[in-house]
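Subject: A structure for you to look at

Hello,

Here is the structure I promised you. Please open it and keep it beside this email while you read.

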Amino acid sequence: MPFIHVPKPWQLPERDVTPEAYFLNRRRFVKGLVGAGMIGSFVPLLGCQQQQASAEAALANTNQLNASSNPNFVEVDRPQTNELLAATYNNFYEFGGSKSIWQNAQALPTDNWQVEVTGLVNKPRLFTQDDLLSTFPLEERIYRFRCVEAWAMVVPWLGFPMRALVEAVEPTAQAKFVQFTSYYNPEVTKGPDFHLGGLPWPYTEGLRLDEMTNELAFFAVGIYGHTLPKQHGAPIRMVVPWKYGFKGAKSIVKIEFTNTQPSTYWNTISPNEYKFEANVEPDVPHPRWSQAKERLIGAGSKFSWEERPTLLYNGYGEYVAQLYDRPNQV
Ligand code: MTE
């Protein structure tokens, strides 16, 4: 377990210590990322809160979005996460390896955004940012969100079901999988390995086609009543709430329908730790930590976030259990 700080019971929990990355030189940090996945990059929440004023400024650059609430997804079994907290505690490795990348992420150039939909489809299309906001009816869905690092939130997303886009482009009979590619430009996205190389940029993710057409699978173009702030993956990102958060690629520029399973970022880095399927399964530990429990960010006290048992499929089994062959479908 290289470069991972294992706290003794009397030490502060990892979320309250200075991120280990800051103690490592860059080369070791890249190796650490590869060996340690994402767990070694926590930033003290307190620091984030001190920057609240500028975070509010970052949120102010978004536009209000109107969307009707989907009655199937109006509440969950836990409170909604504070908006500023969600907007200042992010994973977006293109912009750095800590949780406080929201300022760096403001460099993301979202003007004239285009999403290319290509591959095994009858009607390939190029969506502009306006198209993304106007082609499909927008709705709001409040979803649980579970990161593989064992923290969790509840977020009100605005967007449209992935299924609507699938129907619009008409996949051919050969299409079985879909690859999603995030924006990448090393001049802008100066993440951990900008100078060293070695990580499989651009960030990619993938789904089976039957997962993408599941009722839950969602493209978010907004959050908390407005367009997405850049740190959350403006202008469009994936939301697949029964899977770990890393499956939700941000700032998508390309969607490609394929007949073989596409390569994906974390699975390429460490296939044993980050599976392609990556469903939330409390009884399947990550090789280096348990997934039985999760911490609700912002809930409880600042120094001890509330813990809850992890729910199979993050609590969405009624929608997705039939997609998978699991011995114990609780
Ligand atoms: N998408 C891109 N392009 N780059 C990333 O580093 N991180 C993933 C996912 N999508 C990531 C990404 C991970 S690990 C998580 S937990 C979620 O984004 C975090 O989303 P949030 O910051 O909006 O909460």
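This is a predicted model: local features need pLDDT of at least 70, side-chain atom pairs count only at pLDDT 80 or more; totals for chains, interfaces and linings use all residues.

Y224 sits in the loop between strand 8 (218–223) and strand 9. Its phi is near 50°, which is positive, and Y224 is not a glycine. Most residues other than glycine have a negative phi. Is Y224 buried or exposed? Y224 counts as buried, because its relative accessibility is 15% and the cut-off for buried is under 20%.

Now look at Y313. This residue lies in the loop between strand 13 and helix 9 (317–320). Phi of Y313 is also a positive value, near 55°. The relative accessible area of Y313 is 1%, so Y313 is buried.

Strand 13 has a residue to check too. Strand 13 covers residues 304–309, and E307 is found in it. E307 has 48% relative accessibility, so it counts as partly exposed. E307 and A152 are 155 residues apart along the chain, yet their C-alpha atoms are separated by 9.5 Å.

Next, the peptide bonds. Most peptide bonds are trans. Which bonds here are cis? One joins W201 and P202, with omega about 0°. P202 lies in the loop between strand 6 (177–182) and strand 7 (204–208). Another cis bond runs from A234 to P235, where omega is near -10°. P235 is in the loop between strand 9 (226–227) and strand 10 (237–239).

Stay with strand 7 for a moment. T204 lies in that strand. T204 is buried, because its relative accessible area is 9%. What does the side chain of T204 reach? It reaches the backbone oxygen of S263, at 3.4 Å.

N70 is placed in the loop between strand 1 (68–69) and helix 4 (83–87). With a relative accessible area of 11%, N70 is buried. The side chain of N70 reaches the backbone nitrogen of N72 at 2.9 Å.

How many residues surround the ligand? There are 18, and the closest are Y93, E94, H232, R237 and K250. The shell divides into 9 nonpolar, 6 polar and 3 charged residues.

- H232: an N or O atom of its side chain is 2.8 Å from an oxygen atom of the ligand.
- R237: an N or O atom of its side chain is 2.6 Å from an oxygen atom of the ligand.
- K250: a polar side-chain atom lies 2.7 Å from an oxygen atom of the ligand.

How much of the ligand does the protein bury? Taken alone, the ligand exposes 530 Å², and the protein buries 100% of that. The space that the ligand takes is the largest cavity.

Best wishes

Note on methods
Residues are numbered from 1 along each chain as its sequence is written. Side-chain values use heavy atoms; hydrogens and water are left out. A residue is near a molecule or strand if one of its heavy atoms lies within 4 Å of it. A polar contact is a pair of N or O atoms within 3.5 Å; within protein, one must be able to donate a hydrogen and the other to accept it, and residues adjacent in sequence count only if both atoms are side-chain atoms. Accessible areas come from the Shrake-Rupley method with a 1.4 Å probe; for residues, only the protein chains shown count as cover. On a 1 Å grid over the protein atoms alone, a cavity is a set of points where a 1.4 Å probe fits but cannot get out, and a pocket is an open set with protein on both sides within 12 Å along at least five of seven lines; lining residues have an atom within 4 Å of a point. A molecule sits in a cavity or pocket if more than half of its atoms lie within 2 Å of its grid points. Ala, Val, Leu, Ile, Met, Phe, Trp, Tyr, Cys and Pro count as nonpolar, Asp, Glu, Lys and Arg as charged, and the others, Gly among them, as polar. Helices (H or I, at least four residues) and strands (E, at least two) are DSSP runs, numbered from the N terminus. Buried means under 20% relative accessible area, exposed over 50%, partly exposed in between (1.4 Å probe, protein chains only).
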